[in-house]
Amino acid sequence: MSNPVVLAKYNQLSQKGKIIAEYIWIDGSNNLRCKAKTLSKPVTAVSDLSWWNFDGSSTGQAPGHDSDVLLKPVSYYPDPFRGGDNILVMCECWNPDGTPNKFNHRHAADLLLKAHAGEKIWFGLEQEYTLLDKYDNIYGWPKGGYPAPQGPYYCAVGTGNVIARDVIEAHYKACLFAGINISGINAEVMPSQWEFQVGPCEGIEMGDQLWVARFLLDRVAEEFDVKITYHPKPLKGDWNGAGCHTNVSTEKMRVKGGMKYIEEAISKLAAKHDNHILLYGKDNDLRLTGRHETASISNFSSGVANRGSSIRIPRPVAIDGYGYFEDRRPASNIDPYLVTGIVTETICGSIPEVDMVEEFKRESK
Ligand code: ADP
Ligand code: MN
Ligand code: MN
Ligand code: MN
């Protein structure tokens, strides 16, 4: 049982100059884990942060007889929960033999993104998610029944149309405090489903920021006794699924004449549809049905302002003749490192050290 009034008494105590660093990593089930350590002075660079380790046999990341997995700090953020000089530390997972842990897809994506750094590739991710109560019912829905059909809920205002705005507001503020490049929020088509957008972010920063924004959401939701699910189709039937639309541009696409490069990228994506779908999230077949503002999982399509296609070119981009495109296929539960990695591989070119499909398959080896 949490007791915010009693906790407040302890939160105001001096930390006597010590810093708390909450190390965060991705586990073997695409969820986040964290543990905290005390540092003796404030951190001013990632290189101030030492590697650490944890028991990978408890997180689906290592066998019990060889359980140590190492944590390599890659970026850090002001901690909105503890305040002060306390920080959140995003980490990569490494095995003691010097190989990346099988769920560490950041390392491969980073190699690709660094190789193509000259393209100045930007991403913007639209993270959709659904709120659940402690018993896994959709949060705020009538007990044993359903709300009125979809229609009034998207970008809604007003009692009965909106559920849990306080959770969403708290998360928005927490992201801004942490320095996450959150570009907005909105209520979604299904009641108790919401979206936040992060970006544009250049290169590997996209994956780092999205994972930390998810951590902030899970952590905020804890305080409200609400669960977050990133499942792409939390409820069968006439209820929208949840995606993670991936907006993409290279520097050439963002300037006059850019449409030519957008079209080139789209034809490269068309040729690799099946590979992309493999990396675009578990259970995405339940969501990409061709209904509820999605395209069918088995066909590639593209169009201007078409929310029923795999790739959408926003109307303003078509009018200007340059800008970015939106890949609508990725599910809400994607690993953004896999997605930014394969998009870069497909549109900018592969490098000898990395094959993103093989990278994904390492998970099940
Ligand atoms: P939608 O109309 O599909 O709901 P949103 O406004 O929710 O679009 O999200 C648009 C996303 O596109 C944002 O995350 C934004 O950061 C991103 N974005 C905008 N411009 C670019 C760009 N040039 N390159 C990549 N992403 C971009
Ligand atoms: Mn959106
Ligand atoms: Mn949306
Ligand atoms: Mn979108």
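Predicted model: local features only at pLDDT ≥ 70, side-chain atom pairs only at ≥ 80, totals over all residues.
His 245 belongs to strand β10 (residues 244-249) and Glu 326 to strand β13 (residues 325-327), so the pair ties together parts that are 81 residues apart in sequence.

How buried are these two residues? His 245 has a relative accessible area of 8% and is buried. Glu 326 is buried as well, with a relative accessibility of 0%.

## Donors at ligand 3

Now to another manganese site. The manganese ion (ligand 3) is held by Glu 128 (OE), Glu 188 (OE) and Glu 195 (OE), at 2.1 to 2.2 Å. Here the donor spacing reads E-x59-E-x6-E along the chain. Glu 128 sits in strand β6 (residues 122-132), while Glu 188 is in the loop between β7 (182-187) and β8 (193-202), so this pair ties together parts that are 60 residues apart in sequence. Both Glu 128 and Glu 188 are buried.

## Bridges to ligand 2

Which residue bridges the manganese ion (ligand 4) and the manganese ion (ligand 2)? Glu 126 does, and these two ions lie 3.8 Å apart.

On the ligand 3 side, Glu 195 coordinates both the manganese ion (ligand 3) and the manganese ion (ligand 2), which are 3.8 Å apart.

Terms used:
Residues numbered from 1 in each chain as written. Chains lettered and ligands numbered in written order. Heavy atoms only, no water. Donors = N, O, S within 2.8 Å, 3.2 Å for Na, K, Ca; no water. Helix = DSSP H or I, 4+ residues; strand = E, 2+ residues; numbered from the N terminus. Buried < 20%, exposed > 50% of the residue type's maximum accessible area, 1.4 Å probe, protein only.
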